[in-house]
Amino acid sequence: MRTEKLPDERGYFGEFGGRFVPETLMEPLLQLELAYYKLKQDENFKKEYEYYLRNFVGRPTPLYYASKLSEKLKARIYLKREDLCHTGAHKINNAVGQALLAKYMNKKRLIAETGAGQHGVATATVAALFGFKCTVYMGEEDCKRQEMNVLRMKLLGAEVVPVKVGSRTLKEAINEALRDWVAHPEDSYYLLGSVVGPHPYPMIVRDFQRVIGDEARKQILEIEDRLPDYLIASVGGGSNSIGLFYPFLEDNVKIIGVEGGGKGIESGLHSASINFGKVGILHGAKMYLIQDENGNVSPTHSVSAGLDYPGVGPEHSYLAKIGRVKYDIATDDIAIKGFYALSELEGIVPALESAHAIGYLIEHRDDFPEKEPLIIVNLSGRGDKDLGIIYALWEGKNE
């Protein structure tokens, strides 16, 4: 089956995806699906979305040649600079698109979940822009390690609700957001931030994020007059990576997704859902999922809050199953090396999520057989939000 034809009419990517939700959510999801299929063909909707991408988000983002990193690794490395988007990450692409959907559906309030805080900030931003009330659920642990993003959301007028149950991270934040939506489906719109959840969300988020790959494909052809040998991006739920990968899936391009290896696989403290998970159901969709022998969701860990999720989007699960994309891991230590390397070599401070992709490339350059491979790395966000984490590690290292 050609990958660009998925999901099917039931919301499946092969065996993955679907819509496993309480009956109370079936009708809102069907309404959302109908509205999305109608509006994606609407010229006024498309023009409005493109207007805000261009004039509010700041697209197209550059495809930047990282000359010093390229020299160090004997490769031609380009960075897709999503860190230069308004709000500092790729999340705003999807937030603008879904907020417009909510406006066209006459909703009055946005509900969102967030891990690293970037999706929460993006949702609070579009809520302010379009005049919505906004509630963002965020795990208490993530609130602590992403304190500045909590402040940004509050400054933008959003209510930030710390989630104090379970692991107090992204998984629980999604649980609470879904509960809120079940209770308020008439006037509220759930603005999901990644390519997870029940159909049609994985498709909607992918379609709003594919602008990353569409631009990168056009830009690399203009600059190098050919397609890249490799695409590399970090993978948590999977929105930044599928945004880059999707327009290249039918091309002869090698694609690598980098999951959070945490403290190492042996420790059990990681977020490598594809590499070390099993097929299961979470948040309304069938996917690869980190779980114990009884099928219970296992605790996860990543130094980056945006990768600290026990599952992965159903489209990524499918691409792994058919072998179209290679999914590997980078540990916390490798990600931190990538963080420092890009900062010191290129003057670009990356988000810790993106640093996994940079660190992976540095660590595995010798595994690439080409003498001077042409590589695009998705720089999904900037690292301001992570400086507290880095400072704590720096202080510990230098005590």
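**Helices and salt bridges**

Guide: Start with A128, which lies in helix α5, residues 118–130. Helices (H or I, at least four residues) are DSSP runs, numbered from the N terminus, as are strands (E, at least two). This is a predicted model: local features need pLDDT of at least 70, side-chain atom pairs count only at pLDDT 80 or more, and totals for chains, interfaces and linings use all residues. Residues are numbered from 1 along each chain as its sequence is written, and side-chain values use heavy atoms, leaving out hydrogens and water.

Visitor: How accessible is A128?
Guide: A128 is at 46% relative accessibility, so it counts as partly exposed. Buried means under 20% relative accessible area, exposed over 50%, partly exposed in between (1.4 Å probe, protein chains only).

Visitor: New topic. How many salt bridges are there?
Guide: The whole structure has 27. A salt bridge is a side-chain nitrogen of Lys or Arg within 4 Å of a carboxyl oxygen of Asp or Glu.

Visitor: Which residue does D142 pair with?
Guide: R145, with the closest N and O atoms 2.9 Å apart. Both lie in helix α6 (residues 140–145), three residues apart, about one turn. D142 is buried at 0% relative accessible area.

Visitor: What else does R145 bridge to?
Guide: D308, and the closest N and O atoms there are 2.9 Å apart. R145 lies in helix α6 and D308 in the loop between β12 (285–289) and α13 (314–321), so this pair ties together parts 163 residues apart in sequence.

Visitor: Are R145 and D308 buried or exposed?
Guide: Both are buried.
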